[in-house]
Amino acid sequence: MASSMAPRGLQTRVFAWLGGPVAERLEAWLFAERNQLPLLAPVALGSGVALWFVVPWADERWAALAVAAALVAGGLALGGRASRLLAWGGLLVALGLASAAWRSADVAAPVLTDRFSGVVTGTVESIEIVRGGERFRFLLLPEDKALPPRIRISRKGAAMPGVVPGARVSIHAALNPPSGPSVPGGYDFARKAWFAEVGATGYPLGDVTILRAARPPSGALARLARLRANIDTELTTAVPGPAGAIAAAFVTGNQGMIPPQVN
């Protein structure tokens with residue numbers, strides 16, 4: 001029954017590779033599941049992306065790409081549905097590796113190499129309230145070309161008045177390079193910062209000075225960010241406490257205002 005379901009024209013090399021009965025059963029199963037096989041495509045592509053992050057060195061990544069290429073070559077050399085599946089899987093894994101490498105190179109930006117302390121002037125790109133309002137963060141685009149093009153400043157407490165997207169500010173801050181994992185295999189903030197194009201993090205050493213109030217946002221993304229911020233403000237003002245924070249999370253996706261114990 002299984003052999004009658006198998007596609008015709010199964011090549012002898014596949015039988016020799018897997019063994020005739022095993023190859024027949026595998027081909028018959030793949031033929032029966034042929035409509036489900038495309039669902040494996042994102043799995044293979046995602047596996048390639050994940051593999052790029054798992055292997056930390058360039059030589060290992062090249063070796064992984066070579067193995068994926070070998071799978072493609074082997075799949076093309078052999079016949080049958082299983083071999084084609086192998087070739088497509090190797091190709092998608094290779095594409096996943098390549099896409100992760102391209103993205104890493106595309107977001108490459110200067111990173112602070114040593115501790116910095118001084119006055120930083122720039123334009124606020126975005127703000128974020130986290131830990132239920134216990135901490136306030138904002139991304140700053142500094143004007144000093146000696147600094148990374150995007151830095152993140154964080155402080156305990158509520159939002160700083162006037163520090164909104166589009167405002168030009170000046171602040172005395174202490175900056176450090178993004179930190180890596182504190183333990184092997186732990187959370188790697190430096191990697192997250194790299195892909196967010198954040199080259200330094202720090203904290204204020206004094207009050208912020210508003211040099212120019214925020215102008216009306218230009219561009220669809222900037223307008224959307226301002227709209228989301230306004231919705232958060234309106235909801236948390238109309239519904240104070242954790243209920244308002246949860247309502248804002250449902251509407252805009254911003255979970256930073258939810259108190260940790262409620263989270």
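Some ground rules. Residues are numbered from 1 along each chain as its sequence is written, and side-chain values use heavy atoms, with hydrogens and water left out. As the model is predicted, local features need pLDDT of at least 70 and side-chain atom pairs count only at pLDDT 80 or more, while totals for chains, interfaces and linings use all residues.

I will start with the helices. Helices (H or I, at least four residues) and strands (E, at least two) are DSSP runs, numbered from the N terminus. The expected span of a helix is 1.5 Å times one less than its number of residues. Helix α5 covers residues 58–77, and its 20 residues should span 28 Å; the end C-alpha atoms are 29 Å apart, which agrees.

Which residues of α5 are buried? They are A64, A68, V72 and G75. Viewed down the axis of α5, these buried residues fall within an arc of 85°, so they line one face of the helix. The arc is taken from the directions from the helix axis to the C-beta atoms. Buried here means under 20% relative accessible area, exposed means over 50%, and partly exposed is in between, with a 1.4 Å probe and protein chains only. The buried residues of α5 pack against α4 (40–54) and α6 (81–106), where contact means heavy atoms within 4.5 Å.

Now α4. Its 15 residues should span 21 Å, and its end C-alpha atoms are 20 Å apart, which agrees. A44, G48 and W52 are the buried residues of α4. Down the axis of α4, they fall within an arc of 85°, so they line one face of that helix. The face turned away from this buried side carries the exposed residues P42, V43 and V54. As for partners, the buried residues of α4 pack against α5, α6 and α7.

L45 itself is partly exposed, with a relative accessible area of 34%.

Next, salt bridges. A salt bridge is a side-chain nitrogen of Lys or Arg within 4 Å of a carboxyl oxygen of Asp or Glu. How many are there by this rule? The count comes to 4 salt bridges, and I will go through some of them.

R103 pairs with D106, the closest N and O atoms being 3.4 Å apart. Both lie in helix α6, 3 residues apart, about one turn of the helix. R103 is partly exposed at 37% relative accessibility, and D106 is partly exposed at 44%.

E128 forms a salt bridge with R137, with the closest N and O atoms 3.9 Å apart. Of this pair, E128 is partly exposed at 39%, whereas R137 is buried at 17%.

E143 and R168 meet through their side chains at 2.6 Å, N to O. E143 lies in the loop between β2 (135–142) and β3 (151–156) and R168 in strand β4 (residues 168–176), so the pair ties together parts that are 25 residues apart in sequence. E143 is partly exposed at 39%, and R168 is partly exposed at 26%.

E197 is in the loop between α7 (189–195) and β5. Although E197 is not a glycine, it has a positive phi of about 60°. At 32% relative accessibility, E197 counts as partly exposed.

The other residue is T201, in strand β5 (residues 200–204). Is T201 buried or exposed? At 15% relative accessibility, T201 counts as buried. Leaving out residues up to four places away in sequence, T201 touches R152, A174, L175, N176, P177, P178 and F189.
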